[in-house]
Amino acid sequence: MTKEILSYLLSPVSRASFLDEYYEKKHLLIKDRSADYYNNILTLEDIDDYFHQGHIRPRDVLVTNNHNSTLSKWAQLQDNGQLEVNKESIIKSLYKGDSVVLNFVEEYIPKVNRFAKKLSRDLNCQVKAGIFITPPDAQGFIRHVDYFDIFILQIHGSKKWKLFDGPKELIDHSIVFEDSESFNIEEKEIELKRGDLLYIPRGIGHSAHSTEDVSIHVSFGLFPVRWLDIFRIALDKSFSEGSIRGSFMNWNNTDDNVGKEIEEIKTILNKRIDALSEEEILSIAEELKAKKLNKDYENRLMDYVGHHTINSDSIVSCQDDLILTNDEDGHFCVVQTPKNETFAYPIFAKDTLESILSSKTLKVKDIAGNLDLKNTIKFVKKMIAEGLISIVK
Ligand SMILES: [Fe+2]
């Protein structure tokens, strides 16, 4: 199912051609789909319900007009010193022509949460969602770049987008740029209508202006594990030798020692990079991925409800990337999660654990090992309670 979500979002462009030709390279526009194409992801009614029922925190909102935003437009200081969102002020701001952004809605709107989770799995990255409500003939933000790739799904009305080349390929927060100098004047104009999709890689400049109707879009931002993150951790983890904790002695020195010291540093770095194994890089990447995926508490309540009725025909699946080892004395075996939580089990359950961890999904009665069926069911229930396996059906 998770592999189908990107295909649904991008249809008729295939998942493979998106990843090959567009992802992190250039924008993609998909038009002429039915107006209610996103009804399973977000509707106007869902937003209205959230606004009506949701407890909205100040960090979840931004009221803006051409990049000008003042906290007093959406939140007020209470007598107890806490900031509280004033929903009436937000609605009044819309009537005055300000745009409203509702951030982190993947945490609050169940349909958006489910979609973000699937997209997160499909692309192996964290996914955050924001809703942008723009009055007719208005603009919330001036030309800018975002530090993350975005999918823009037009939910209501239409909006005209301008895209600019530059300023920097795959920009991140560490790169500072001056707006006026950094963009190429080449620009593309795109009109997004209800049901349309626009993908913009990070680093592409953009601005958007609504047309004669109110425009509402939801934007899904992607936060992947980057090579840079892997490099940083790989290098960080590697340096245990005492020599690298020495001081750099040759500040502003021009004699031969400068070259010698720099050569030594380069030698140590090269040695370390050469020594990196494939397993080490993969394990760092997996550890980072586990922290990124939108799956905290996924299915935990459903598993609680279902675990009472587990039987030999129930199908369960175990979490991705669990590692099974023995403890030092060999009395226990230990399951380690990608988040570095550990769970100890008696050594006689090792075959059972190996069987569970070796297949993605399996029937309870097909679990191998020394335990009889009654104890296997007990064991499965324990692992469900610990959040290590989940009930499929
Ligand atoms: Fe943006």
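Trainee: Which residues of helix α11 are buried?
Mentor: This is a predicted model, to start with. In α11, residues 350–358, the buried ones are T352, L353 and I356.

Trainee: How do they sit around the axis of α11?
Mentor: Looking down that axis, they fall within an arc of 95°, so they line one face of the helix. As background, an α-helix has 3.6 residues a turn, so residues three or four places apart point the same way.

Trainee: And what covers the buried residues of α11?
Mentor: Several strands and a helix. Among them are β13 (315–318), β14 (323–326), β15 (332–336) and β16 (342–346). The cover also includes α12 (373–385) and β18 (389–391).

Trainee: Switching to the sheet. What is the order of its strands?
Mentor: Seven strands, in the order β1-β10-β7-β12-β6-β5-β2. The sheet is open and the pairing is antiparallel.

Trainee: Which strands stand at the edges?
Mentor: β1 (28–30) and β2 (61–64). Each has a single partner strand, so one side of each has no neighbour in the sheet. From one strand to the next, the twist averages 20°.

Trainee: Tell me about β6. Is it mostly covered or exposed?
Mentor: Mostly covered. Seven of the ten residues in β6 are buried.

Trainee: How many bridges does β6 make with β12, and how many with β5?
Mentor: Ten with β12, residues 215–224. Three with β5, residues 99–102. Both pairings are antiparallel. Toward β12, Q126 stands opposite F223.

Trainee: What about β7 and β10?
Mentor: Four bridges join them, and they run antiparallel. β7 spans residues 149–156 and β10 spans 197–200. L153 stands opposite L197 of β10.

Trainee: Now the core. How many residues are in the largest nonpolar one?
Mentor: It has 53 residues, and V61 and V112 have the most contacts inside it. Strand β6, residues 125–134, gives the most to this core: six residues. Apart from it lies another core of 15 residues, including F379, M383, L388 and I391.

Trainee: Back to V61. What does V61 touch?
Mentor: Leaving out residues up to four places away in sequence, V61 touches I56, W74, V85, I90, V100, V101 and L102.

Trainee: Last one. Where is H144, and is H144 buried or exposed?
Mentor: H144 is in the loop between β6 and β7. H67 is 77 residues away along the chain, yet the C-alpha atoms of H144 and H67 are separated by 9.6 Å.

Conventions:
Residues numbered from 1 in each chain as written. Predicted model: local features only at pLDDT ≥ 70, side-chain atom pairs only at ≥ 80, totals over all residues. Pairing = 2+ DSSP bridges. Helix = DSSP H or I, 4+ residues; strand = E, 2+ residues; numbered from the N terminus. Axes fitted to C-alpha atoms, helices over the stretch in contact; angles between N-to-C directions. Core = buried A, V, L, I, M, F, W, Y, C linked by C-beta atoms within 7 Å. Buried ≥ 20, exposed ≤ 12 C-beta atoms within 10 Å, placed from the backbone. Contact = placed C-beta atoms within 7 Å. Arc of directions from axis to C-beta.
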